[in-house]
Amino acid sequence: MTSTRQTITLIGAGLNGPLLALGLVQRGFQVEIYERRPDMRRVRMSAGRSINLALSTRGIHALKKVGLWDAMQKIIIPMKGRMMHSVTSELTFQPYGKNESEVINSISRAELNIALMNAAQSQGVAIHFQQRCAGIDFKTGTLQLRDETSCDERPVDCAVVIGCDGSASAIRNEMLKLNRFNFSQQFLDYGYKELAIPPGPAGKHALETNALHIWPRGNYMLIALPNMDATFACILFLPFGGPDSFERLTTPSALDEFFRSRFPDAVPLMPNLANDFFANPTGAMVTIKCSPWHFGGQALLLGDAAHAIVPFFGQGINCGFEDCTTLLELLDQHGADWKTVFREFEVARKVNTDAIADLAVENFVEMRDRVADPRFLFRKKVELALEAKYPQLFVPKYSMVTFHRIPYSTALNRGRVQDEMLAALCDGIERIEELDWERADQLVRTSLTPLEHS
Ligand SMILES: Cc1cc2nc3c(=O)[nH]c(=O)nc-3n(C[C@H](O)[C@H](O)[C@H](O)COP(=O)(O)OP(=O)(O)OC[C@H]3O[C@@H](n4cnc5c(N)ncnc54)[C@H](O)[C@@H]3O)c2cc1C
């Protein structure tokens, strides 16, 4: 435990801010969070990008570390696998993991955010709402805060500031003005739209509850995640332009025709489709990479502010929460030597956040296209068979990312080796009984080293 009562300033009370704040107060720091939005517990508002999240092992580990995971049990719905909906309305279920313990958890972003803010405040964190960070002077350590109601601006001293202010980070924008700051942003040509499936008859979920539903259609897809109130939060991922695209869906009749021909079994479940579609904004998706993430021991970027990723591996917040775990562990190791902690943090995380950024882009193709391919489903079966036989050597890429805390960079590199191995083993066969186990044994043992599982 660190005994100092040094004040740490966080920008952003989204998901990472309050979680990190909890870890910091638990180590004896005083924490002030400045958040530009109003308090969502008092003002009805959209929870922001995507109303649901899939929470998995890395996020759960971080929540356990700050003592919050048990309380989450009331607001999560385990999803055991993908339920694929074909264009002829056939259903195919594919488990995510090797057994029922390997699930991902659907959680409402707003409820998670509220639980985190409640816990942080109850342990002494001060959250100041409608206070926008309008700039920072790194030389003097002064934040410029704008009150969003009065538009008044005031300076606030901050010896240590951590930007948890998301993909459009104001702190990162200030770092951009510094010498030799590297920055790249890559937008997808796809947008997303949030839609909803209301409760079915008798107030129950209208589709299988414990699954993530996917309507994969090659170049685009619809997904649905269950909510506690028996609704499903849906997201349509579609190109911005081209034949099947947002630019073509400009009238209710075009939308109706598109959904009836592409997602026929979803249409009767979505009575408010046109309202939702035309009322909700079309979101963009971006990968952001930058460095350095810190300015000496004074300022740090964390979560989406440092590394926004596209949502197709369901890892954005799991990765951000893992950032928090790493930062807190480094604090335990080095004490309040912020310069060292921030430097070590970037060394530990950057290679891994770059890796999950690439994995997330790759997984888009898998989700929207390959999950509908019988060859892909067969490969998944082979993967699970290899994992059962060689649990220390072969862990499927999806599982390394989702059900373990194996570094993302290791998952990326081993995943590539394993992909080649699978291609060789699955070539020309259609049933698991035909698998050449001698060859599998030789490939696994020569290409893969034992994994440290966590
Ligand atoms: C469509 C979609 C689906 C997703 N699905 C998943 C999923 O299934 N699983 C998963 O793990 N991740 C998912 N993500 C990613 C996840 O949403 C993000 O990684 C996560 O929200 C990042 O948390 P954060 O705290 O870093 O940023 P945010 O959650 O964006 O929070 C930033 C906060 O900072 C505040 N802020 C911004 N600027 C300022 C300022 N100048 N001054 C003061 N406050 C400011 C904002 O109001 C906000 O409250 C998804 C993302 C999208 C877009």
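The legends below describe close-up views of a predicted model. Local features are given only at pLDDT of at least 70 and side-chain atom pairs only at pLDDT 80 or more, whereas totals for chains, interfaces and linings use all residues. Residues are numbered from 1 along each chain as its sequence is written, and side-chain values use heavy atoms, with hydrogens and water left out.

**View 1. The shell around the ligand.** The ligand is surrounded by 32 residues (a heavy atom within 4 Å), and the closest are Glu35, Ala54, Arg109, Asp304 and Ile317. By class, 13 are nonpolar, 11 polar and 8 charged; Ala, Val, Leu, Ile, Met, Phe, Trp, Tyr, Cys and Pro count as nonpolar, Asp, Glu, Lys and Arg as charged, and the others, Gly among them, as polar. Strand S3 (52–55), strand S9 (131–137) and helix H9 (316–334) each contribute at least two shell residues. Helices (H or I, at least four residues) and strands (E, at least two) are DSSP runs, numbered from the N terminus.

View 2. A polar contact here is a pair of N or O atoms within 3.5 Å. An N or O atom in the side chain of Arg109 is 2.4 Å from an oxygen atom of the ligand. Nitrogen atoms of the ligand lie 3.1 Å from a backbone N or O atom of Arg36 and 3.2 Å from a polar backbone atom of Gly314. Of the 990 Å² of accessible area that the ligand has on its own, the protein covers 93% (Shrake-Rupley method, 1.4 Å probe).

View 3. In strand S15 (residues 221–226), 6 of 6 residues are buried, meaning under 20% relative accessible area (1.4 Å probe, protein chains only). Met221, Ile223 and Leu225 point one way, and Leu222, Ala224 and Pro226 the other. In a regular strand, side chains alternate between the two faces of the sheet. S15 pairs (at least two DSSP bridges) in the antiparallel sense with strand S14 (residues 211–216) over 4 bridges and with strand S16 (residues 232–239) over 6 bridges. Ile223 is the bridge partner of Ile214, and Leu236 that of Leu222.

View 4. The peptide bond from Ser291 to Pro292 is cis, with omega near -5°. Gln130, not a glycine, has a positive phi near 55° and is partly exposed at 27% relative accessible area (between the 20% and 50% limits). Arg180, also not a glycine, has a positive phi of about 55°; at 74% relative accessibility it counts as exposed (over 50%).

Technical notes
A polar contact is a pair of N or O atoms within 3.5 Å; within protein, one must be able to donate a hydrogen and the other to accept it, and residues adjacent in sequence count only if both atoms are side-chain atoms.
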